[in-house]
Amino acid sequence: MKFRAAKGTRDFYPDAMRLRTWLTDAWRRVSLRNGFEEYDGPIFEHLELYTTKSGDEIASQLFDLEDRGGRRLAIRPEMTPTLGRMVNARAQSLPRPIKWFSVPRLCRAERPQKGRLREFFQWNIDIVGVDDVLADAESILVAVDFLREVGLGPEDAVVRINSRRLVAAVLADLRVPPDRMDKAYALLDKAGKIPRDALQAMWKEAFGDAVPFDAIEPLLGVEGLDHLHEAIRGAKGGWAAAERELPAIEALFEKLDSFGITEYCNFDMAIVRGLAYYTGVVYEVFDRGQAHRAIGGGGRYDNLLRDLGGPAMPGVGFGVGDVVITDVLTEAGKLPVLKGELDVYVIAADAELQPRALELVAQLRRGGWSTDFSYRAQSVGKLLRAASDRGARRAVIVGQETRDENLVTIKDLTTGQQTRRDWAAFVAAPLAAGDEGDEQARRSL
RNA sequence: GUGGGAGUAGCUCAGCUGGUUAGAGCACUAGGUUGUGGUCCUAGGGGUCGCGGGUUCGAAUCCCGUCUCUCACCCCA
């Protein structure tokens, strides 16, 4: 073939499209029932919207372009800057809290690998205008609600939660200079991914003796609130600043308890997140088997809107990409088997009856029922097979009985039961259970 | 950007100590004589063996290059 799909992109043939729609429908369903409203923005933005926030390195992972007027543009690699821009533009008039969601198609010019493609879909949830920890907790509730919706229990997935403020406090207690915080975050983020001695070497290289590795070691691998308390109490020299941050974390976990989702949640000092704009609570969702990268992640970004030129407005939100979650669900055997959806397949028993069959097709379609038929006159057996392959719920045969008595023969393709009904009655309710023959089926429902 | 692995039918793969017209399963198409599917049988279509070059009487098979895919690293929104 001369042309194939570009690197890191996917074609969604009907089979794959059904799954994509199933997933995005789940996202929308969960969003709406949690009180969020859908929004969307343009698929490309001014390049600076991304570069001003995240630095120039980011530009190398952007698909950027220039229009004929010389404007520098970029295909959106994430949704949060667009959200910030949109909220800023109407900051004075939007009722708060702003609870919005979106399912944008995003592009990043990265090298594709497992769980990462260059074009993907991402579910975004944001709560803007509220700095209450309750908003942080609710965003996590929505994430967990989704996990439940797709059949992932607490034994399958976990939300690992940390706080940038807490980490910053600990680092301050350890006398890490404020301008070196980002470096320290980056190293802490590696703690769970590389061997301890390698981390030690990197830490030593970065901070030398000013902040000895011994001092931060108790911090590493801290999981669970109890463990956190121990680590802080046992810290050499005392972690006064860190101790002051404890109540905030405890308050968050109290809300999570009220929401009934603590079995999914765990405090984890290793979750820092790479993104610069997070200021408070940060969290990531993982499969328990740790066979995949993060399913999703989010956190609080209290300075982002101001940094984008708007008023100071706090926000919290998360994103879940379609690639990793699909991998996880596939592995767990939780993806549904989806067939095409068709209410009725109309069969003409012989070629002379095709006009009546077409008449029936049109009437059913007008009534709102998804209906299909064969272009060719084939044996009833072949057409029933076609109906079955199409995933039709009912096959209806227009035959001799239609000619003589205006009756149609209806076959329920899932049970195999067959009944005859009057044409008009069938058109009025094609999926209704039939008469005597369907009594049994009706009872079993 | 760096490194490993892999490219044979739409998909999953076999064939590879070089030797006639390159195979299987699934999928697809058409039949199995006049109105009953989801489990059957038969037949058929579809591949310049990723591409280019080299070695050889002869290359899917050996060598070189190249492209693509994939996994990992870097990075992570």
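Start with chain A: its domain assignment, whose bounds come from an automatic or database assignment, gives domain 1 (14–40 + 78–331) and domain 2 (342–435). This is a predicted model, in which local features need pLDDT of at least 70 and side-chain atom pairs count only at pLDDT 80 or more, while totals for chains, interfaces and linings use all residues. Residues are numbered from 1 along each chain as its sequence is written, chains are lettered from A and ligands numbered from 1 in the order in which they are written, and side-chain values use heavy atoms, with hydrogens and water left out.

**Whole chain**

Colour the two domains separately; the C-alpha centres of domain 1 and domain 2 are 53 Å apart. Along its principal axes, the C-alpha trace of chain A spans about 95 × 60 × 50 Å.

Switch to a cartoon: chain A has 17 helices and 17 strands. These are DSSP runs numbered from the N terminus, with helices (H or I) of at least four residues and strands (E) of at least two.

**RNA strand B**

Select the residues around RNA strand B, meaning those with a heavy atom within 4 Å of it. There are 35, and Q61, G274, L275, Q400 and E401 come nearest. Of the atoms of RNA strand B within 4 Å of the protein, sugar and phosphate account for 45%. The residues of this surface divide into eight nonpolar, 11 polar and 16 charged. Here Ala, Val, Leu, Ile, Met, Phe, Trp, Tyr, Cys and Pro count as nonpolar, Asp, Glu, Lys and Arg as charged, and the others, Gly among them, as polar.

A polar contact here is a pair of N or O atoms within 3.5 Å.

- R111: an N or O atom of the side chain is 2.7 Å from a base oxygen of RNA strand B.
- Q400: a polar backbone atom is 2.5 Å from a base oxygen of RNA strand B.
- E401: a polar side-chain atom is 2.6 Å from a base oxygen of RNA strand B.

The elements that give two or more residues to the surface near RNA strand B are α14 (380–389), α15 (400–405) and β16 (407–412). The largest share, six residues, comes from α14.

**Second largest pocket**

Now select R165, A248, G280, V281 and R300, which lie nearest the centre of the second largest pocket among its 14 lining residues. The pocket holds about 250 Å³ of space. α4 (133–149) and α10 (240–258) are the elements that give two or more residues to its lining, and α10 gives the most, with four. The lining divides into five nonpolar, three polar and six charged residues.

On a 1 Å grid over the protein atoms alone, a pocket is an open set of points with protein on both sides within 12 Å along at least five of seven lines, a cavity is a set where a 1.4 Å probe fits but cannot get out, and lining residues have an atom within 4 Å of a point. Grid points are joined across faces, edges and corners, and a volume is the space filled by probe spheres set on the points.

**Largest cavity**

Select L188, A191, L219, L220, G221, M269 and A270, which line the largest cavity. Its volume is about 50 Å³, and its lining has six nonpolar residues, one polar and no charged.

**Two backbone stops**

Go to P97, in the loop between α3 (80–89) and β5 (98–102). The peptide bond from R96 to P97 is cis, with omega near 5 degrees. Finish at R175, in the loop between α5 (164–173) and α6 (181–190), where phi is positive, near 65 degrees.

Note on methods. A polar contact is a pair of N or O atoms within 3.5 Å; within protein, one must be able to donate a hydrogen and the other to accept it, and residues adjacent in sequence count only if both atoms are side-chain atoms.
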